[in-house]
Every structure is written in structure tokens, then in C-alpha cells.
Amino acid sequence: MHHRWLIDPVRGLALGRPAGVMGILNATPDSFSDGGRLVSGDDVVALGLDMVRQGADWLDVGGESTRPGAESVPADAESARVVPAIAALRRAGVRVPISVDTMKGAVAAAALAAGADAVNDVSGGRDPLLLEAAASARCPLILMHMQGEPRSMQASPRYADVVAEVE
């Protein structure tokens, strides 16, 4: 079977290719998936390099937990977690695409300037500044969906028609 790969000429991202593996780097002390084990930039880089060695096709760096019940993190604190991590991954020679997992435009813009290739937004583009940052950078934008915010999203999630409501 022939697969058509769409290559972003600027970043070299292969879009439309067969599924790959994304390595998730949670640079936050309250992550739901790893319990906040990445406490320093060195830890993020070491784990990112290990993920790439093991075959990760893409790295996703986040600095704000989206676990149910999580409190929001100010943009400056989130940037302080992800921007140095992304810059350090690039300095360490990571060549696979890196996305920043954020809901905030200021964080997205800073992460893209530090070497991120894409923005991964679990809020589905609620912050117009995030959409502007991605458009200005002409980068891929991954939009997801959640009801409410991480703090409240599991309080009473309900859909009458999930297909119509998740647009």
C-alpha cells in the first residue's frame, strides 16, 4: 500500500504518515501519568533522549497538569518549565519534532521560539492568542476537546450528542 506523506517544508514534519509513537514529557510536579518525576531540566532531557533512542517519533512537552482536579498554572510558571526543557532538548541534539502541550498563547509563542515545532492544545483553541501564535509560526496545531477545565472537567461530564457537541 502506498502512503502519501505530507512534508512541512520548514520543519520537515511528516503529516499523513502511518501512526508513530509520541513521547510525553511532563515537566510538572503534579502530572497524572508520572507523578511529577521530572523535577529538573536535566531529567527532561535525559528522558527525552531515552525516548528517542527507544523509537519515539515525536516529543510532547507540557508544563501544566491536565489531570482531573488539577489547578491552573500561571503562564510565566508554565513557560519556566517548558521553554528551558525544549531549548535543552534541541541543544542535546534532539531532531525529532517537539510539540508544546499548552492552552496558553504566551506559552505557545515562547515554546515555538525556543525550538518547538507544533502546539498541542487540549482546550481546543479557547485562547485566541494561542491560535495567533500557531498561525504566525505557520506550525501544526493539534486541537483536542474537554468540557470545562481540568479542575472541573470530571464533575459531571455529559453529552447529548457527542459528535455535534465536539466541533
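Leaving aside neighbours within four places in sequence, Val-119 is in contact with Val-100, Thr-102, Ala-108, Leu-112, Leu-130, Ala-134, Cys-139, Pro-140, Leu-141 and Ile-142, contact meaning heavy atoms within 4.5 Å. The model is predicted, so that local features need pLDDT of at least 70 and side-chain atom pairs count only at pLDDT 80 or more, while totals for chains, interfaces and linings use all residues. Residues are numbered from 1 along each chain as its sequence is written, and side-chain values use heavy atoms, with hydrogens and water left out.

Val-119 is also among the residues with the most contacts inside the largest nonpolar core, together with Leu-25, Leu-59, Val-61, Ile-86 and Leu-89. This core has 30 residues; a nonpolar core is a set of buried Ala, Val, Leu, Ile, Met, Phe, Trp, Tyr and Cys residues joined through side-chain atoms within 4.5 Å. Helix 2 (75-91) is one of the elements that supply at least two residues of the core, and helix 2 gives the most, with 6 residues. Helices (H or I, at least four residues) and strands (E, at least two) are DSSP runs, numbered from the N terminus.

In helix 4 (128-137), Leu-130, Ala-133 and Ala-134 are buried (under 20% relative accessible area, 1.4 Å probe, protein chains only). These residues lie on the same side of helix 4 because they cover an arc of only 95° around the axis. The buried residues pack against helix 3, strand 6 (118-121) and strand 7 (141-143). On the other side, Leu-129, Ala-135 and Ser-136 are exposed (over 50%). Helix 4 is followed by Arg-138, whose phi is positive, near 50°.

How values were computed. Arc of directions from axis to C-beta.
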